[in-house]
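Work through these exercises with the structure open beside you. Try each task before you read its solution.

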Amino acid sequence: MKKALESTLIGFLISLSISYIMVTISVLVENASITGQQLLEQLVVAAILGIAIGICMLIYHIERIPFAVQIIIHFLLVTIFVGIAGYFGHWFDYDNAWSFVSVFFTELMIYAVLWTYFYRKAKHDISEMNQLLQKRKEM
């Protein structure tokens, strides 16, 4: 239960942060403005997306599933959720195929950066634990 809450909270916070950055970039690039209602809509979409992705992160705690399979399943679930969020968040221009490609390319880039960060953090944590175990063993 603790892992589920932690994963959900991490997904929620990361999604809100990235959403804020993406909305800001979009407004600046297009030299546009958005209403409070539109901002609230994006906030809700990002929050729900983050919670869903956070829950999906629990797949990494199922030890009997090979790591490569975990990554593939997680990425596919994230892609499905991004597609659903994109629909409700109006991230796509249905007359322009490039808008779909752009959203999913952005997802891929964000996924790669975050996955790399969490992978390196896990490796570092494992290394520290091994060092502590080694020190205990030497005592």
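The exercises below go from model confidence to helix packing, the core and the loops.

**Exercise 1. Confidence**

Task: This is a predicted model. Find the average pLDDT of the chain, and say in which helix confidence is lowest and in which it is highest.

Solution: 
- Step 1. Start with the whole chain. Its average pLDDT is 89.
- Step 2. 100% of the residues score at least 70.
- Step 3. Helix 1 has the lowest confidence, with a mean of 87. Helix 3 has the highest, at 93.
- Step 4. Keep a rule in mind. Where pLDDT is low, predicted coordinates should not be read in detail.

**Exercise 2. A threonine in helix 1**

Task: Locate T8. Is T8 buried or exposed?

Solution: 
- Step 1. T8 sits in helix 1, which covers residues 2–29.
- Step 2. Compare its accessibility with the cut-off. Buried means under 20% relative accessible area. T8 has 18%, so it counts as buried.
- Step 3. Look for partners. Leaving aside neighbours within four places in sequence, T8 contacts G50, I51, G54 and I55.

**Exercise 3. Two helices side by side**

Task: Describe how helix 1 and helix 2 pack.

Solution: 
- Step 1. Take the geometry. Helix 2 spans residues 36–56. The two helices pack at an angle of about 145°. Their axes lie 7 Å apart.
- Step 2. Name the hand. The crossing of helix 1 and helix 2 is right-handed.
- Step 3. List some of the residues that make the contact. Helix 1 brings several, including T8, G11, F12 and L16. Among those from helix 2 are L43, A46, A47 and G50.
- Step 4. Sort the contact residues by type. There are 10 nonpolar, 8 polar and no charged residues.

**Exercise 4. The largest core**

Solution: 
- Step 1. In soluble globular proteins, nonpolar side chains tend to be buried together.
- Step 2. Name the members. The largest nonpolar core has 9 residues: V45, L49, I53, V78, V82, A85, F92, V103 and Y111.
- Step 3. Assign the helices. Helix 2, helix 3 (67–88) and helix 4 (97–138) each supply at least two core residues.
- Step 4. Zoom in on one member. Leaving aside neighbours within four places in sequence, I53 touches H74 and V78.

**Exercise 5. Loop residues**

Task: Examine N31, H90 and F92. Decide for each whether it is buried or exposed.

Solution: 
- Step 1. Begin with N31. This residue lies in the loop between helix 1 and helix 2. Its relative accessibility is 74%, so N31 is exposed. Its phi is positive, about 50°, although N31 is not a glycine.
- Step 2. Move to H90, in the loop between helix 3 and helix 4. H90 has 59% relative accessibility and is therefore exposed. Here too phi is positive, at about 60°, and H90 is not a glycine.
- Step 3. Finish with F92, also found in the loop between helix 3 and helix 4. F92 has a relative accessible area of 10%, so it is buried.
- Step 4. Check the contacts of F92. Beyond neighbours within four places in sequence, they include G83, Y87, F100 and V103.

**Exercise 6. Sequence and space**

Task: How many Å separate the C-alpha atoms of H90 and Q42, and those of F92 and K135?

Solution: 
- Step 1. H90 and Q42 are 48 residues apart along the chain, and their C-alpha atoms are separated by 9.0 Å.
- Step 2. F92 and K135 are 43 residues apart along the chain, and their C-alpha atoms are separated by 55 Å.

Key:
Residues numbered from 1 in each chain as written. Predicted model: local features only at pLDDT ≥ 70, side-chain atom pairs only at ≥ 80, totals over all residues. Heavy atoms only, no water. Helix = DSSP H or I, 4+ residues; strand = E, 2+ residues; numbered from the N terminus. Buried < 20%, exposed > 50% of the residue type's maximum accessible area, 1.4 Å probe, protein only. Contact = heavy atoms within 4.5 Å. Axes fitted to C-alpha atoms, helices over the stretch in contact; angles between N-to-C directions. Left-handed = near helix turned anticlockwise from the far one by under 90°. Nonpolar A, V, L, I, M, F, W, Y, C, P; charged D, E, K, R; others polar. Core = buried A, V, L, I, M, F, W, Y, C linked by side-chain atoms within 4.5 Å. pLDDT = per-residue confidence, 0-100.
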